[in-house]
Every structure is written in C-alpha cells, then in structure tokens.
Amino acid sequence: MTKFARVVTAVPIALLLLVCIGRGEDPAAKLRSDRDGLALTPPMGWYPWNEFGQEPQNEELIKQTAEALIRSGMKDAGYTYIGPDEGICFSRDASGKLTSNLARYPSGLRGLGDYIHQQGLKYALYTDAGTHTCSKAMPGTKGHEFEDMKAFAEWRADYIKIDWCNTTGQTPATAYPKLRDAQLAAGRPIVFSLCSWGEGQPWKWAAPVGHLWRTTEDICEPGKPNWAAAMKTVAANEKLFAAAGPGHWNDPDMMISGMRGLSEAQNRSLFSLWCMMASPLIAGNDLRSMTESTIKILTNREAIGINQDPLGIQGRIVRRDGQAQIWAAKRLFDGSRAVLVFNTGEALAQVQVTPADVGFEESTSLYVRDLWTHQTSGPQAGSIRVTVAPRDVALLRIAKANSFPLPPIIVADSYRVVFHASGKSAQELTKATAVKNKGNSELALWKVSAGLPSWLSVTVAQSGKTQTFSNKVTAAGLAKGHYHAVVKADNREPISGLPMSALYYDVDLEVSGAAGGPASN
Ligand code: GLA
C-alpha cells in the first residue's frame with residue numbers, strides 16, 4: 001500500500017473515531033466549512049477592485065463581466081463567484097435597513113443576484129466590519145450585524161467579503177465571529193471571506209469563523225499592478241502554509257494577472273504561484289478586454305487542477321538555488337506532486353529538481369508533466385533538469401504513472417429555478433437544471449440533502465459527465481404567495497474519496513390566484 005493510499009483510508013477511520021469520541025469534542029467540527037460544506041477547494045471568481053476601484057462599478061459592468069467570463073471559457077474552467085466590491089453603493093434607510101442604489105444597480109441588488117444565478121454563476125457581495133466602508137461612502141455592519149446579514153441573504157448572496165476599515169475600538173477576533181453568528185442566523189449558506197489584511201492574525205483563529213482570510217495588504221492600488229508588492233505578498237503568504245486546507249484558506253488578495261503593465265511571463269508566474277499556494281483564484285483584471293495570452297493563462301485547467309486539488313495543501317518553498325525558488329510539498333489527490341520552479345532573477349536559471357525535493361525516493365522512476373507546455377516526459381530516475389527564463393516559472397506535475405487526472409470542476413446551467421403556479425386545479429410542474437463536471441473524473445450521483453419543503457422534490461439523473469437535477473413542484477394546497485427553498489447536494493471526489501464543496505441552488509415558486517389551482521410553467 002502506498003503512503004498516499006494509507007492516508008486516504010486513514011481519513012474515514014479518523015472521522016469515525018472523532019464521531020465516537022462524543023459531541024462537541026470533534027476538532028474537525030471547529031471548521032466553519034463543516035457546517036455548510038462550502039469552499040472545500042479555494043473559491044474561484046472575479047472581483048472588480050484591482051482594476052476598477054470604486055468607479056465605475058455598476059450593474060452594467062458586472063453584467064458585461066459575467067458575459068465575458070462565460071464567453072472566455074473562464075466559467076467552464078471553474079470561475080464562479082462574481083459581484084461588486086466596495087462599488088456596491090448601498091445605503092441605510094431610516095428604519096436601519098440596507099437599500100440598493102437603483103441609479104447604479106437598476107435591478108436592485110437582489111435583481112443583480114438573480115441575473116448572476118441565471119447565468120450559472122454565484123453572487124459575491126461586499127461589506128465592512130466597522131462603522132463605514134473604506135471610502136466612508138457606505139455604512140458598515142457595526143451595530144447592524146444581524147439585520148445586514150439578513151439583507152445579504154435576501155439579496156441571495158453566495159459569498160460575502162467583509163472589510164476592516166473604520167474599526168477603531170474593534171478587534172478582528174471578536175468582530176468577525178459576531179458577523180459569522182449573524183450570517184448563520186440569516187440562514188443562507190454563504191462563503192465568508194474575512195478581509196482584515198492580516199490584522200489580528202486570522203490564520204490563527206478564523207477557520208471556525210470563515211472560509212478564507214486575507215493575509216496581506218492590498219496587492220496594488222486600483223489600476224496599478226505592482227510586481228514588487230506582489231512579491232512581498234507572496235513572501236508573507238508563503239510562510240502561513242500550515243494554516244490552509246479544505247474550507248479554510250489563506251487569501252493573498254485578488255489576482256493581478258492580466259492587468260496592463262505586466263508581461264506574459266509575469267502573468268504566468270503570478271498565476272502559477274496562486275495555484276501552488278492553494279490561494280483563492282479571484283481574477284482582478286478587466287475580463288471584457290483580455291488578450292488571448294491572458295485567457296490562456298487564466299483558463300489553464302492543468303494549473304487550475306493544482307489549485308483545486310481536493311487535498312487542499314498549500315505548497316511552499318522547499319529550497320532556493322541562486323535566484324530560483326523551488327516550491328513543492330504539495331501532494332495531490334492521485335498521489336502525484338506539484339512542483340514550481342520560480343526564477344525571480346534577471347538571468348536564465350538552470351535548476352535540478354531532485355526526487356527528494358518533491359517527496360519521492362531517489363530511485364523512483366517518474367513521469368514529468370509540464371503544465372504550461374502540456375508535454376509529458378519520462379519515465380526517468382534521478383534529478384529533473386529545469387531551465388526557466390527570467391521572472392518566469394516551470395509548473396510541473398510529477399507522478400509514478402503516466403496519468404495526470406484533473407479533479408472535478410463543477411459548472412451549472414443555472415443556480416436559480418423559477419416556477420409560476422396559478423388557477424384552480426392542482427398541477428405538478430417540473431424544471432431541470434444541468435450540472436456538468438469539467439474535470440475528467442466520473443462523479444457518483446449528487447446526493448440531495450433531506451429537509452426540502454413539502455411542495456418541492458428533487459431527483460438527479462446522470463448522462464455521462466452531466467447530471468440533471470429535476471425539480472418537481474406541487475402547488476396543491478398552497479396559499480397565494482412566494483415560496484423559496486435552497487437545494488443542497490453533496491458529492492465526493494472519486495479518486496481520493498474526499499468530500500467536494502456542496503452544491504447549492506435556489507428554487508422560487510410564485511403561487512397566484514386560487515390556492516392549489518392549476519399551474520403553468
Ligand atoms: C480594502 C480591501 C480591498 C477593497 C477595498 C475597497 O482595501 O482590501 O480589496 O475591497 O478595501 O475599499
């Protein structure tokens with residue numbers, strides 16, 4: 001039995017033991033993600049701040065970006081979360097309730113969420129833990145934690161980034177847990193992203209609070225990508241490798257790859273570093289005007305496979321050789337290993353990567369897959385010679401067998417299913433939504449969680465790598481009004497057997513006319 005196989009079989013046994021030890025003592029229950037199964041691999045998506053700052057964020061920009069994300073192939077590569085950053089521009093009305101700015105977001109923040117869900121994308125929103133957001137243009141959550149988290153749930157957010165401006169007298173270790181409680185009370189599953197830029201050292205305590213936490217200051221000022229600042233960010237984030245894992249990630253900020261002023265090699269290097277560090281892959285560039293080179297980099301599925309690996313290990317620097325850094329210690333779900341050789345210097349780097357660097361015996365015969373040229377070499381024993389251009393990288397996957405499976409990448413037609421029922425005699429309605437796996441493993445059927453309302457039933461059928469969720473609504477006996485349910489389904493990655501991030505979507509039912517009357521789609 002390989003070391004890897006031993007670890008995999010040890011996991012269920014360890015879990016069983018933990019369950020047996022007794023309630024409340026399960027250390028794994030300390031993780032926020034244990035409650036909701038969210039973000040078991042690093043979240044992927046797009047946020048506007050790095051490129052646009054606060055202006056001109058509005059509904060049009062977000063919709064155009066969603067379209068660009070789909071058109072460019074980024075959605076199929078796994079990018080899902082999208083929405084406004086501080087340009088969200090809500091205000092608080094006299095009753096204390098958050099209200100949308102209809103001049104900037106004519107559909108309202110709920111309408112924008114519905115649009116995003118209908119595209120098969122998920123909705124990311126922004127707020128602040130203090131009295132105001134950073135520009136002071138918007139109210140923060142302080143003193144309004146419960147009502148604000150209710151508003152984000154009503155707007156159907158799937159992800160909330162909570163900034164740390166205007167927080168005099170507050171501490172991250174108390175403010176964020178309060179917001180977590182408020183968000184859980186609101187009842188909607190949401191990826192919870194702490195953004196205190198490392199203040200309060202969230203990597204030490206935030207795994208039960210959120211799914212990811214910023215480890216560093218902003219990677220750049222809006223519109224001004226900065227290589228030196230990015231290198232500082234990487235150096236700080238690298239040291240925190242031990243804190244990362246499924247459902248709890250170090251976040252070195254949104255990416256700058258693809259922003260104006262960076263070379264192709266720099267874009268590739270930064271993207272590879274984010275993949276290797278198991279960092280959230282939140283693109284920060286203008287997706288509407290990407291070059292072919294940027295699209296190729298951001299949608300490189302083999303690199304993304306390293307980032308989305310179910311084991312969720314954050315790679316780190318295991319050795320330096322002159323100006324080159326050798327990043328490894330990243331075992332992958334199939335027993336292969338990821339290696340990154342990053343040449344930080346101005347001259348060509350020639351490096352020998354040894355099997356020991358990667359965690360294999362010296363005599364092991366190995367296959368080497370180059371994740372940027374998409375070529376495999378080997379089998380070979382001994383050191384692997386790697387030549388890397390200045391400020392460029394070699395991103396490799398090394399395995400004993402000539403097989404490099406990609407972990408699952410889940411892409412949905414839509415995350416919102418809408419029914420209208422009306423009339424006199426009861427009728428059943430069915431609508432389907434398709435969920436595809438763009439990785440290359442065969443998934444078992446998604447398992448829908450119990451607890452759906454009596455008017456809704458869901459069945460799942462499989463055809464190849466597409467699974468179709470059939471949602472059946474029975475409006476009989478329902479009073480006129482609006483009904484809403486969130487469907488949750490779970491699955492496991494078939495090679496490692498590890499749980500995958502839960503799948504969630506919304507079902508809306510509008511019943512008009514006589515209760516239980518005939519219904520129409
Ligand atoms: C902070 C965050 C940024 C962005 C801005 C908005 O600086 O770190 O990512 O959200 O606030 O003002």
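Residues are numbered from 1 along each chain as its sequence is written, and side-chain values use heavy atoms, with hydrogens and water left out. Because the model is predicted, local features need pLDDT of at least 70 and side-chain atom pairs count only at pLDDT 80 or more, while totals for chains, interfaces and linings use all residues.

A search of the whole structure gives 11 aromatic pairs; here, rings of Phe, Tyr and Trp (its six-membered ring) pair if their centres lie within 6.5 Å, with planes under 30 degrees apart counted as stacked, over 60 as edge-to-face and the rest as tilted. Among them, Phe-271 and Trp-372 have ring centres 6.4 Å apart and planes at 65°, so this pair is edge-to-face. Phe-271 belongs to helix H9 (residues 264-276), and Trp-372 to the loop between strand E15 (366-370) and strand E16 (375-380), so that distant parts of the chain, 101 residues apart, are linked. Helices (H or I, at least four residues) and strands (E, at least two) are DSSP runs numbered from the N terminus. Phe-271 is buried at a relative accessible area of 0%, and Trp-372 is buried at 17% (buried means under 20% relative accessible area, exposed over 50%, partly exposed in between, with a 1.4 Å probe and protein chains only).

Trp-455 and Tyr-483 also pair edge-to-face, with centres 6.1 Å apart and planes at 65°. Trp-455 lies in the loop between strand E22 (447-448) and strand E23 (456-463) and Tyr-483 in strand E25 (residues 481-490), so the pair ties together parts 28 residues apart in sequence. Trp-455 is buried, at 7% relative accessibility. Elsewhere, one aromatic cluster is formed by Tyr-47, Tyr-81 and Tyr-159.

Charges over rings come next. Lys-63 lies over the face of Tyr-115, 4.8 Å from the ring centre, and the charged end of Lys-431 sits over the ring of Phe-419, 5.8 Å from its centre. The criterion is NZ of Lys or CZ of Arg within 6 Å of the ring centre and within 35 degrees of the ring normal.

Arg-180, in helix H7 (residues 172-185), is buried with a relative accessible area of 13%. Leaving out residues up to four places away in sequence, Arg-180 touches Arg-32, Phe-192, Pro-208 and Val-209 (contact means heavy atoms within 4.5 Å). Glu-493 lies in the loop between E25 and strand E26 (503-511). Beyond its neighbours within four places in sequence, Glu-493 contacts Pro-310, Phe-333, Pro-408, Leu-498 and Met-500.
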